[in-house]
Each structure stands twice: as C-alpha cells, then as structure tokens.
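Here's a quick walk through one model, strands to begin with, then a helix pair and a core. Have your viewer open as you read.

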Amino acid sequence: MNESTQQIAKPAQLIPCQTCQHLIGPQAETCPQCGSPNSWMHPVVAKAMSSADKLTVERRFQYWGKGAEVWGESVYHSPVAYLVMVGILVAILFSSLFTSIFGPALGGVGMVIYWRSTAKKETFRANLVTGSWESSNEKFWLPVHTFLFQPSN
Ligand SMILES: [Zn+2]
C-alpha cells in the first residue's frame, strides 16, 4: 500500500463551547470549563456530510465525518473476481447435480473466502483543522480532496 501524506498549513482557530461559550480547541473532546461534549463540526465537514451527491469518485464509497475530520473507504472487486465468482457458482450448480450437500457447502465457503481475499480497498482521511490529508490512492480520491480543500467549488 502506497501511503502519501500532504500537509497544508492552516491556522487552528478556537471555537465557542455550545453550552457555555468558553473558547475551546476545535478538536477538544469535551469543554475544559463545563465538561460538555464538543459537538462542533467544521463547516467544510458539515458541507461534505450534506453533499453526498456532489462527492463522487469512480467507484461507490462510504464516508463519515466528525469534528474537523472526514474519512472514507471504497471496497470493490476487479472484473476478474466477478468472473471467478460466476465460475464457482456454475461449478456448484453443476456438481450439486451429482453429489451430496458437501459440494455446494464447500463451494459456498470457497466463494466467501475468495470474495473476501480479493477485495480491494481505497481509503482517505482528512483533517480540516490541521490540513492533513492521507490517502491510499491520490488519483482515485482527487475529487474528494478538491471538494474538501478547495471549498470554492
Ligand atoms: Zn463549555
């Protein structure tokens, strides 16, 4: 896995606690003054959370956001993996005409193991306060990176 990290300098600003208005660090878990949990969300993170239709990459992906962070993953399979699955399925159906239940059971287990072992995953993680960005594949996640770090779009 080729990880790459990119740092973009951005000033970290204090935000008011939603309960007591005491100024706290945006990434604080709780307010040091009143102890309330910090439910602040960076505006860009909030925008990303409500813009599922605008956040697209070449494959379906899931993403989550909390505070200043957005992270996500896309799990997918190659066309070859789909073909192999069809092949195993055909073999199961064919063998079940001749054998007991063991053939299909073994084939089913084989399908699950094969499907899991051939899963590919692309991931990203962004922090809008520190400006940090990590991804498994820069080209794949470029539209997401652009959305998060060039909010004029
Ligand atoms: Zn507070």
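## Strands, helices and a core

G72 has F124 as its bridge partner in β6. This is a predicted model, where local features need pLDDT of at least 70 and side-chain atom pairs count only at pLDDT 80 or more, while totals for chains, interfaces and linings use all residues. Numbering starts from 1 along each chain as its sequence is written.

A word on naming: helices (H or I, at least four residues) and strands (E, at least two) are DSSP runs, numbered from the N terminus. Two strands pair if DSSP finds at least two bridges between them.

| Strands | Sense | Bridges |
|---|---|---|
| β5 (residues 69-76) and β6 (residues 120-127) | antiparallel | eight bridges |
| β6 and β7 (residues 132-135) | antiparallel | four bridges |

On the β7 side, R125 is bridged to E134. The β6–β7 hairpin leaves four residues between its strands, and G131 there takes a positive phi near 75 degrees.

Now for the helices. Two packed helices are described by the angle between their axes and the distance between the axes. For α2 (residues 79-95) and α3 (residues 102-117), the axes come within 9 Å and cross at roughly 175 degrees. That makes α2 roughly antiparallel to α3, a label for angles over 145 degrees. The axes are lines fitted to C-alpha atoms over the stretch in contact, with angles running from 0 to 180 degrees between N-to-C directions.

Who meets whom? From α2 come V84, M85, I88, A91, I92 and S95, and they meet G103, P104, G107, G110, M111, Y114 and W115 of α3; contact means C-beta atoms, placed from the backbone, within 7 Å. The residues of this contact split into nine nonpolar, four polar and no charged, with Gly counted as polar.

Y82 also lies in α2. Is Y82 buried or exposed? Y82 is exposed, because 12 other C-beta atoms lie within 10 Å (exposed means 12 or fewer, buried 20 or more, partly exposed in between). Its C-alpha atom sits 9.9 Å from that of T118, 36 residues apart along the chain.

Finally, the largest nonpolar core has twelve residues, including V45, V70, F124, W133, W141 and L148. Such a core is a set of buried Ala, Val, Leu, Ile, Met, Phe, Trp, Tyr and Cys residues joined through C-beta atoms within 7 Å. α1 (43-49), β6 and α4 (138-149) each give two or more residues to this core, and α4 has the largest share, four residues. W141 touches V57, E122, F124 and S135, leaving aside residues up to four places away in sequence.

Technical notes: Angles under 35 degrees count as roughly parallel, over 145 as roughly antiparallel, 65 to 115 as roughly perpendicular and the rest as oblique. Two residues are in contact if their C-beta atoms, placed from the backbone, lie within 7 Å.
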